[in-house]
Amino acid sequence: MGNRPRREEYVGGLWHYSGVTATPDESAPESRDDRPWWRSAVFYQVYPRSFADSNGDGVGDLGGLRERLGYLELLGVDALWICPVMRSPMADGGYDVSDPRDIDPLFGGLAAMEALIAEAHDRGIKVTMDLVPNHTSDAHPWFTAALAAAPGSPERARYLFRDGRGPDGAEPPNNWPSIFGGPAWTRITEPDGTPGQWYLHIFAPEQPDLNWENPEVVADFEQTLRFWLDRGVDGFRIDVAHGMAKPEGLPDMREVSTKMLIHDDDDPRFNNPGVHEIHRRIRKVVGEYPHAVTIGEVWVDDNTRFGEYVRPDELHLAFNFRLAEAEFTAESVRDAIENSLAAVEPVGASPTWTLSNHDIAREVTRYGGGERGVARARAMVLVELALPGSVFLYNGAELGLPNVDDLPEDVLQDPVWERSGHTDRGRDGCRVPIPWEGDRPPFGFTEGETSWLPIPPDWSGLTVEAQLEQLGSTLSLYRMAIELRGRREEFAGSRVEWYGSPEGCLAFRRPGGLTCVLNAGSRPIALPPGEPLLVSAPLADGKLPPDAAAWLV
């Protein structure tokens, strides 16, 4: 194992080594050619309804994504992660799936997916897609059959139906809340018209949880995996990967909380031991396709528990969100890096890094918004891309897009808005469509007059078209950083070697020879030894300004 870092002082204006964090231990940099493609890949997350629209209905689709593959090739990403596009009533943006082995007509149907996979592969871009194993849509044929069947029937056994508490069964079976607000249980009316059983839905009522102890559920998901892998998909992002197994007896929560992002490792709704056997079953199927990868959405704080998900016979990768949650301070960022590396080190897994996604406020806004937020986001992408492991970029981050937190109430579509009684605006602010070109909305996103969420008029300077023409734009910075990361040997190796740094700053070195410096302090700083390879902001008299990062070789 690598040595844990020693925190040494920055003395006399000199940079000092302060130790090593490694995952796993290595005596020499490992060639990236010797490792599976996904261990160092740059993934680009596409939220399809917000990326590009090909038919003028104002909603992004797979045809629009296919038309923009040239842009993604230019950007230099290795793989796509496409959020759900399967058949769905869209009660939760496609995460309520009514048929997991078909593509919704909203996104162009199955033929559009097959064409996208083929063209992406022609361009050297791999394709991973979202799968949702924790629940189905309430419009799924299984759930429709369950509502029509009797208590105790095989149809209901695919889900988690329970009798209510109290003399007339009018109280929910336990006190679990839904992540989207309100109780996690909904009572049904039986076929004879009488009040009946309750079904569990950790998320919206339109998303009934599956019973993963039922062999039919397991077999059906394995069929879904093979369906897509046989069509050339390169892997899957598995939604709520820590949530499929439920504890025996469904006990009450000790402390009821309705947090959207789950961090309580004692929450009985999530992270139950039985989930690991589920992932072993999934891995056996995916293992039949040696190129394929599984990536789990795992909200688990405890590092030991987190590492269990990426043992050699479970997930290949799991999202660790600590860097996305870190404040823009050197201490917070370094703690997030060290923690993320330590979580995977004991099991020899590869770390993952992300600064935003479709559930998290965009980094520009989290870092303060305006010019400062953009500067800090530019700095942090250099930190992120300098780290060993896999990187996940959310569509629009490369443009420096902020959250749109003043959307009109009448356009909000996230179920959180309704379920919270209009007290929580939900996640629509980070899902506003991409501005492509022109000087007014919808900025080439659609040929229609409007997009499904309105694009702010002041984004005219943030369009892809505008930024491609500017060498100093955020888009140009991303392109250069991704290209350098992919072709320079200085990025080889999985160790992170820390330097003692000035107050408010951090610096680490990769075994291949790359040094990354972040100035989160308030004054310009002298750089450590090396030639600048890329900076997020111009140097001032040879010094790195505040809210900036640099790569040196």
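Y499 has A507 in β16 as its bridge partner, and Y499 itself is placed in strand β15 (residues 495-500), where helices (H or I, at least four residues) and strands (E, at least two) are DSSP runs numbered from the N terminus. The model is predicted, and for that reason local features need pLDDT of at least 70 and side-chain atom pairs count only at pLDDT 80 or more, while totals for chains, interfaces and linings use all residues. Residues are numbered from 1 along each chain as its sequence is written, and side-chain values use heavy atoms, with hydrogens and water left out.

Two strands are said to pair if DSSP finds at least two bridges between them.

| Pair | Sense | Bridges | A bridge pair |
|---|---|---|---|
| β15 and β16 | antiparallel | three bridges | Y499 and A507 |
| β17 and β21 | antiparallel | five bridges | N519 and A548 |

Strands β15 and β16 form a hairpin with four residues between them, and in its turn G504 has a positive phi of about 80 degrees. The hairpin of β16 and β17 has five residues between the strands, and there G513 takes a positive phi near 120 degrees.

Y499 is buried, with a relative accessible area of 12%; buried means under 20% relative accessible area, exposed over 50% and partly exposed in between, with a 1.4 Å probe and protein chains only. The C-alpha atoms of Y499 and T515 are separated by 9.5 Å, although the two residues are 16 residues apart along the chain. In strand β16 (residues 505-509), four of the five residues are buried, so this strand is largely enclosed by the rest of the structure. Strand β17 is mostly covered, with five of its five residues buried: T515, V517 and N519 point one way from the strand, whereas C516 and L518 point the other way.

Eight strands form an open sheet with parallel pairing, in the order β12-β11-β10-β6-β3-β2-β14-β13. The edges are held by β12 (317-318) and β13 (352-354), each with a single partner strand, so one side of each is left without a neighbour in the sheet. Within this sheet, strand β3 (residues 79-82) and strand β6 (residues 126-131) run parallel and are joined by four bridges, and the bridge partner of L80 in β6 is V127.

A further open sheet has three strands in the order β7-β9-β8, with antiparallel pairing. Here β7 (161-162) and β8 (185-189) stand at the edges, each having a single partner strand, so one side of each is left without a neighbour in the sheet. β8 pairs with strand β9 (residues 195-200) in the antiparallel sense over four bridges, with T189 opposite P195.

Two packed helices are described by the angle between their axes and the distance between the axes. The axes of helix α11 (residues 370-386) and helix α14 (residues 474-487) come within 10 Å and cross at roughly 10 degrees, where axes are lines fitted to C-alpha atoms, for helices over the stretch in contact, and angles run from 0 to 180 degrees between N-to-C directions. The two helices are therefore roughly parallel to each other, a term that covers angles under 35 degrees, with over 145 counted as roughly antiparallel, 65 to 115 as roughly perpendicular and the rest as oblique.

From α11, V374, R378, V381, L382 and L385 meet T474, L477, Y478, A481, I482 and R485 of α14, contact meaning heavy atoms within 4.5 Å. By class, this contact of α11 with α14 has eight nonpolar, one polar and two charged residues; Ala, Val, Leu, Ile, Met, Phe, Trp, Tyr, Cys and Pro count as nonpolar, Asp, Glu, Lys and Arg as charged, and the others, Gly among them, as polar. Helix α11 also lies across β2 (42-46), β13 and β14 (390-394), running at about 150 degrees to β14.

Helix α9 is mostly covered, with eleven of its 15 residues buried, among them A330, V333, R334 and V344.
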